[in-house]
Amino acid sequence: TATAAPAADFAAPENTTAVPAPDASSAAAADDVDGTGSDGADGKAGGGATATVLPIPTGTAAPFYVPKPGECSAAGCLSMFCQEELLTGNNMYACGECTRRARALAAPAALSSSAGSAPDSSSDTEDEKSKAARGPPVPPVLCPARKQMLIQRTPQILTLHFKRFEQSHFSLRKVDTHVTFPLVLDLAPVCCSSCPLSVFEEGVTGVRYGLYGVVVHSGRLGGGHYVCCVRGGMGSSEWSGISDSSVSKMTEAQVLASEAYILFYERLH
């Protein structure tokens, strides 16, 4: 996966919406999406409340990028990180509005039951009256939902840190898969529609970032060496490879062919 940092604010709460309960086939597909593979609990709404259907989010600032089969790229990693998820089973959303309604419905029933019971001076305390007014405890109402992480405020400096390790039982191994990355990256496909866009040549808009640094790790998890590729400056096509105190020139092709561990981009306007 890839994460945007620092100062990249992801708009999660605004993009979480409750949806009607899906049928069995769509519920199975949802379990495949999040990779849990669990059937989960029924998640029935308490107090007779039903799931509230909220408006679907307005979407992204540009068409969402769909990677090709077998593609392993920085843009594809961002799309996977920000793709819409279906929350079902054990992952259902605890809807605050549905829970509030369920508790509001349960409180009058508790008051009626308390009013019809015989008074008992020994136990008729203010605390018990307060408990009767609140009604029986109602668990949070769980609803199927859609969740999507999008960038709401873009940073001046964007850092993409690839996960270069994989855990299998009690062992860890380094992932050497080559991840392609561009010299200019457009974040618009994973930004909220309200995110301001910059205007470039021929009226094309976007949220573009220019690559200026790449950190490469050679070796294994137990030991290795870090090398940094650094661009000469804004708009420059000259690159340098830095290994400890050694500095050598690099071509753009060599930089793009490197096994990137961390990518550094700066905002283009």
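Predicted model: local features only at pLDDT ≥ 70, side-chain atom pairs only at ≥ 80, totals over all residues.
Local features are reported only at pLDDT of at least 70 and side-chain atom pairs only at pLDDT 80 or more, while totals for chains, interfaces and linings use all residues. Residues are numbered from 1 along each chain as its sequence is written, and side-chain values use heavy atoms, with hydrogens and water left out.

**Hairpin and loops**

Strand E10 (residues 165-168) runs antiparallel to strand E11 (residues 171-174), and four bridges join them. Strands (E, at least two residues) and helices (H or I, at least four residues) are DSSP runs numbered from the N terminus; two strands pair if DSSP finds at least two bridges between them. Phe165 has Lys174 in E11 as its bridge partner. Two residues separate E10 and E11 in the hairpin.

His169 sits in the loop between E10 and E11, with a positive phi near 60 degrees. Asp244 is placed in the loop between strand E17 (239-243) and strand E18 (246-250), and its phi is positive too, near 55 degrees. Most residues other than glycine have a negative phi. His169 is exposed, at 70% relative accessible area, and Asp244 is exposed at 66%. Here exposed means over 50% relative accessible area, buried under 20%, and partly exposed in between (1.4 Å probe, protein chains only).

**Salt bridges**

The structure holds seven salt bridges, each defined as a side-chain nitrogen of Lys or Arg within 4 Å of a carboxyl oxygen of Asp or Glu. Three of them are listed below.

| Pair | N to O distance |
|---|---|
| Arg100 and Glu97 | 2.7 Å |
| Asp176 and Lys174 | 3.9 Å |
| Arg231 and Glu266 | 2.5 Å |

Arg100 and Glu97 are three residues apart in helix H3 (residues 96-116), so about one helical turn separates them. Glu97 is partly exposed, with 34% relative accessibility. Together with Arg101, Glu97 and Arg100 form a network of salt bridges.

Lys174, the bridge partner of Phe165, also takes part in the salt bridge with Asp176. Lys174 is buried at 15% relative accessible area, whereas Asp176 is exposed at 53%.

The side chains of Arg231 and Glu266 also meet in a salt bridge. Because Arg231 lies in strand E16 (residues 223-231) and Glu266 in strand E19 (residues 260-267), this pair ties together parts that are 35 residues apart in sequence. Arg231 is buried, with a relative accessible area of 13%, and Glu266 is buried at 17%.
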